[in-house]
Amino acid sequence: MKNSDIKKLISQYKDTIMRQKKKNVDSFRLSEKLKEIEHRYYHETGRTLKSDLKEFKEN
């Protein structure tokens with residue numbers, strides 16, 4: 001998985017979380033989407049998305 005793919009997944013993750021914070025959204029569907037993104041990320045990199053998000057913030 002390329003660095004650009006990782007950044008794309010991270011931005012999808014952040015976008016989904018931001019949409020989930022708005023009141024008028026189907027939060028079940030979005031939480032399923034978040035799980036799917038996290039699973040794909042872990043499958044591709046062998047690392048968890050949350051730990052890598054901290055790493056990207058530090059850089």
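**Legends to the close-up views**

View A. Threonine 16 is placed in helix H1; helices (H or I, at least four residues) and strands (E, at least two) are DSSP runs, numbered from the N terminus. The model shown is predicted, so that local features need pLDDT of at least 70 and side-chain atom pairs count only at pLDDT 80 or more, whereas totals for chains, interfaces and linings use all residues. Residues are numbered from 1 along each chain as its sequence is written, and side-chain values use heavy atoms, with hydrogens and water left out. The relative accessible area of threonine 16 is 1%, and this residue is therefore buried (buried means under 20% relative accessible area, exposed over 50%, and partly exposed in between, with a 1.4 Å probe and protein chains only). A polar atom of the threonine 16 side chain lies 2.7 Å from the backbone oxygen of glutamine 12. When neighbours within four places in sequence are left aside, threonine 16 is in contact (heavy atoms within 4.5 Å) with Leu30, Lys33, Leu34 and Ile37.

**View B. The chain as a whole.** The protein chain has three helices and zero strands, and its pattern along the sequence is α-α-α. Of its 59 residues, 22% are buried. Among contacts between residues at least 6 apart in sequence, 51% join residues at least 24 apart.

**View C. The largest nonpolar core.** In soluble globular proteins, nonpolar side chains tend to be buried together. The largest nonpolar core here has nine residues, namely Ile6, Leu9, Ile10, Tyr13, Leu34, Ile37, Tyr41, Leu49 and Leu53; such a core is a set of buried Ala, Val, Leu, Ile, Met, Phe, Trp, Tyr and Cys residues joined through side-chain atoms within 4.5 Å. Two or more residues of this core come from each of helix H1 (3-21), helix H2 (27-45) and helix H3 (49-58). Helix H1 gives the most, with four residues.

View D. The buried residues of H1 are Ile6, Leu9, Ile10, Tyr13 and Thr16. Seen down the axis of H1, these buried residues fall within an arc of 125°, so they line one face of the helix (the arc is that of the directions from the helix axis to the C-beta atoms). On the other side of H1, Lys8 and Met18 are exposed. At 1.5 Å a residue, the 19 residues of H1 should span 27 Å, which agrees with the 27 Å between its end C-alpha atoms; the expected span of a helix is 1.5 Å times one less than its number of residues. Arginine 19 also has its place in helix H1 and, with a relative accessible area of 42%, is partly exposed. The C-alpha atoms of arginine 19 and leucine 30 are separated by 8.1 Å, although these residues are 11 residues apart along the chain.

**View E. The two sides of helix H2.** In H2, the residues Leu30, Leu34, Ile37, Tyr41 and Thr45 are buried. Viewed down the axis of H2, they fall within an arc of 65°, so they line one face of the helix. Phe28, Arg29, His39 and His43, on the other side of H2, are exposed. Histidine 39 has 54% relative accessibility and therefore counts as exposed. Between the C-alpha atoms of histidine 39 and leucine 49, which are 10 residues apart along the chain, the separation is 8.8 Å. Just after H2, glycine 46 takes a positive phi of about 80°.

View F. Glutamate 32 and lysine 35 form a salt bridge, with their closest N and O atoms 3.6 Å apart. Both residues lie in helix H2, where lysine 35 and glutamate 32 are three residues apart, about one turn of the helix. Glutamate 32 counts as partly exposed, at 35% relative accessibility.

**View G. Leucine 53 and its contacts.** Leucine 53 is found in helix H3 and, at 12% relative accessibility, counts as buried. Apart from neighbours within four places in sequence, leucine 53 is in contact with Ile10, Tyr13 and Lys14. Leucine 53 and lysine 14 are 39 residues apart in sequence, and their C-alpha atoms are 9.9 Å apart in space.

How values were computed: A polar contact is a pair of N or O atoms within 3.5 Å; within protein, one must be able to donate a hydrogen and the other to accept it, and residues adjacent in sequence count only if both atoms are side-chain atoms. A salt bridge is a side-chain nitrogen of Lys or Arg within 4 Å of a carboxyl oxygen of Asp or Glu.
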